[in-house]
Amino acid sequence: MKLIEARGKELFRRFDIPVPEGYLARSPDEVRPPSKPMAIKAQVRSGGRGRAGGIRFASGLDQMKRAVSEMLSMQISGEMVREVLVEERLNILREFYVSLSLDRSSGLPLLLVISQGGMEVEAVESTKTNSWHVHPFVGLQDHIARQAADFLLLDSEQSGRLRKLLNGLWTLFWEMDCELVEVNPLAMTVDGRLIAADSKVVLDDDALFRHPELPLDELGTTALEIEAKGRGISLVQLEGDIGVIANGAGLTMATLDNLAIRGGKGGVFLDLGGTDDDKVVEGAMELILKARPKAILVNIFGGITRCDTVAEGLIAARRRLRIEIPLVVRVLGVNEAEALELLAAEGVKALYDLDEACAEVVRLKGGDRRDGDR
Amino acid sequence: MTVIVDDETRVLVQGITGHQGSFHALSMLEMGTKVVGGTSPGRGGSKVGELPVFDTVAASVKETRANTSVVFVPARFALDAVIEALEAGIETVVVISEHIPQHDSMIMIQYARFTGARILGPNCPGLANPRRGKLGIMPSMIFRRGSTGVVSRSGTLTYEIVNALTQAGIGQSTCVGIGGDPIIGTDFVKVLEMFEQDVETESVVLVGEIGGFAEEEAAEFIRARMTKPVVAYIAGRTAPPEKRMGHAGAIIARGLGTASSKIAALNKAGVKVASLPMDVPPLLKNALN
C-alpha cells in the first residue's frame, strides 16, 4: 500500500522525523491565514507532479486560496487532485536523498543515501550514492548514521540530527512493516534544520493485519482491483479488451503474453489461485465482467485443481449472468475430458491447446473498429 | 550429490490436519517421499492416515527423527512455525504458505542462516524429484524420470512447462519452485549451483518472471560457472509497470525488473529464451544437440 505524501508525513511525525508544519485542504475555504510563505502540493500518487504544476508557492491568503482552487480542478497523469497539502515553504540550503527499502538480492533492509536530493534515483551518478545493509537482528546502529553523515559532509551538529532522523526512519520501517520509506528530498534549511520535505511510504499489504489502526487508502489501484482484493482474488486492470482468467500468477502472465503474440490485448489479469471451488470461479467471472471485456479467455492447468469443477463454475456464471460475449476455455490436466464435454454441451468453445485458445478468442472477439470506419 | 532431497530425507508436515496439509502429506507419501509425521498444535496424538500428529516440532523430531519440514500453516503463524522448526534442528524448511509478511520472511531466512538450515520459499510449490518423491504441492502425475532440472518462480506455469517436457519425451531430474515473493530463502543461483553439481542433471530449464534481478544474477552465474546447457522462459513481457501481477515479487518498479532486461541478460549469457511455454521443449532439444 503506497501512502500519499500527507499520510506518510503523519507517520514521520509519529516516529519523530521532522516534517514541515502543514495541513490538508479539500477546498479553498479550508485555507488558513498564513504567517509566512507557503507551499501547496497536490496529493496524487503519480510521480513528476512538480513538472505537471502540482507544486506551487504562495503568500497571502488570497493568493493561496486561488492556488488551492486552481490545483483542485487539475488532473495529474489522469488523476483528479482531491486534496492539497498546505505547508510552510522551506528555505533550503542543501538537498539529500535517504531511503530504507527491502533489498531483494540480499534479503536485507538497505539504507540508501544520495548527496543530491529531488532527483530520480536512477538518474544519479554512482559517486553520489552510498548504501549500507542493515541487519534486522541488530537494527540501524549509530556507526552507520555516522558514516552516512561523513559521506554527506555534515558537521557534528548536523550529524547528530541525521542520526536521530535515521533512527526514526528505521523504527518506522521496522514497526510498520514497510517495503520502502523514502525521503526525497531531505532538506537542510538555511536555519540549520534537517527536515523531510517529501515522503514516500510503501507498506507491505500482507502485513496490514498487524496495523488495523491505519486507514486504507489504496493508491495506484482501481475500485475493481480493491473489490477483488477484498474477495481474496488477485486482479489487475490492463489496457486491452480481453479478460484473462487463469490459475496461478505466472500462468496468467504467460497467457497474456501469448495473447499478445496472437494480436490480442489483455484487459484484465485475474489469477484464480489454487482453487477449484465452483463458487469462487463464479465470483471471478462476476468480477471480470465489471471491467466490460469484449471476450473472456480462461486458462486452467489442472495439476491438483479439477478442470470439471472449474467448468461447472463457468457454466453457472454464464447462465446466471447471461454472458453473451465470446468465452473460450482452455483446460489441461485433472478431469480435462469431463470439463471439455460439459463446456461443449453448453456451447462454450473449449480446447486443450493454449496457442489455439489464444488465437480463437482473438478471432471471436473480432477486429477492432477504428474511428471513421463507418 | 542430489538436489535437496536424498535417501536420508525424513519429512514432517507442519499444519498437517488442515485441508491442504493432509491432502498433500498423503500425496507426498504416494509419490514415495518418506513422510514420517506432522504437527498441529492441540491435535497431538491423533493421526492423518497412518501418520502420527504431534503438538510440537520438537516432540515430532524426537520421535520420528525428521530432518525436513513442509510448512502449510496460515501466513500470520508461519514465522513462528518456521522458527520452531529451525530451533528443533530441522535442516530444510519448505514454506508453501502465501502472503507471509516480507519482514517475517526476512527474519526466518536470516535465522535459518544462523542455524545453518535451508529455506525454500515462501510462497512456493516446493520441489519434486521423480525418483525420490516430492516436498510440497506439485502434481505427481506430470513428471517423468529424466535428466533435465527445472527451476522456477511460479507454480502452475512450471507444471505447464514440465508437462510439455514430459509430453515431448524429456524427463526431469529435479524440479524446484523457489517462490513468487520478493524475499525468498533459496534463489536461482543456489539451485543452479546444485544442478551443476548434481549427477542426475544434464540440462536445465529456468522459468522466470518480471520483478527484481534474480534472472540477471542467474544469467551472470550461468555465464561464469555453468557447463550444463540452460534454456529459459520469462513470463510478463506484456505486464504494465508498477502493478503487482499476482505474485508479491512480480512487479516492475521504477522501470526495473522488466522481461526484456531479463531476456537480454540471459541471451548475453548464451541462454536461449522461449517466447511461449510450448517452445521450451524444442528449444531444449536444440540446445542438447
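In chain B, 11 residues of domain 1 are in contact with 7 residues of domain 2. Two residues are in contact if their C-beta atoms, placed from the backbone, lie within 7 Å. The elements that give two or more residues to the domain 1 side are helix H1 (19-30), helix H4 (102-115) and strand S7 (118-120) of chain B. Helices (H or I, at least four residues) and strands (E, at least two) are DSSP runs, numbered from the N terminus. H4(B) gives the largest share of that side, 5 residues. By class, the domain 1 side has 6 nonpolar, 3 polar and 2 charged residues. Ala, Val, Leu, Ile, Met, Phe, Trp, Tyr, Cys and Pro count as nonpolar; Asp, Glu, Lys and Arg count as charged; the others, Gly among them, count as polar.

The model is predicted: local features need pLDDT of at least 70, side-chain atom pairs count only at pLDDT 80 or more, and totals for chains, interfaces and linings use all residues. Residues are numbered from 1 along each chain as its sequence is written, while chains are lettered from A and ligands numbered from 1 in the order in which they are written.

Domain 1 of chain B covers 11-120 and domain 2 covers 139-288. These bounds come from an automatic or database domain assignment. The centres of the two domains, taken over C-alpha atoms, are 26 Å apart. Chain B holds 9 helices and 14 strands. Its radius of gyration is 18 Å, close to the 19 Å that the globule rule gives for 289 residues, so chain B is as compact as a globular protein of that length. The radius is taken over C-alpha atoms, and the rule is 2.2 Å times the number of residues to the power 0.38. Of the 289 residues of chain B, 61% count as buried. A residue is buried if 20 or more other C-beta atoms lie within 10 Å of its own, exposed if 12 or fewer, and partly exposed in between.

The two chains also touch. Here 38 residues of chain A are in contact with 46 residues of chain B. S14, helix H6 (249-261) and S16 of chain A are the elements that give two or more residues to the chain A side. The largest share of that side, 11 residues, comes from H6(A). By class, the chain A side has 18 nonpolar, 11 polar and 9 charged residues.

Helix H7 of chain A spans residues 278-289. Its buried residues include A:Val281, A:Met285 and A:Ile288. The buried residues of H7(A) pack against several elements of chain A, among them strand S14 (234-237), strand S16 (266-271) and helix H8 (307-320).

Some backbone features stand apart. Most residues other than glycine have a negative phi, and most peptide bonds are trans. The peptide bond from A:Asn184 to A:Pro185 is cis, with omega near 5 degrees. A:Pro185 is found in strand S11 (residues 178-189) of chain A. Another cis peptide bond joins B:Gly121 and B:Pro122, with omega about 10 degrees. B:Pro122 is in the loop between S7 and strand S8 (126-129) of chain B. A:Asp16 has a positive phi, near 60 degrees. A:Asp16 counts as partly exposed because it has 13 C-beta neighbours inside 10 Å. Phi of A:Ser77 is also positive, near 50 degrees. With 12 C-beta neighbours inside 10 Å, A:Ser77 counts as exposed.

Methods. The expected span of a helix is 1.5 Å times one less than its number of residues.
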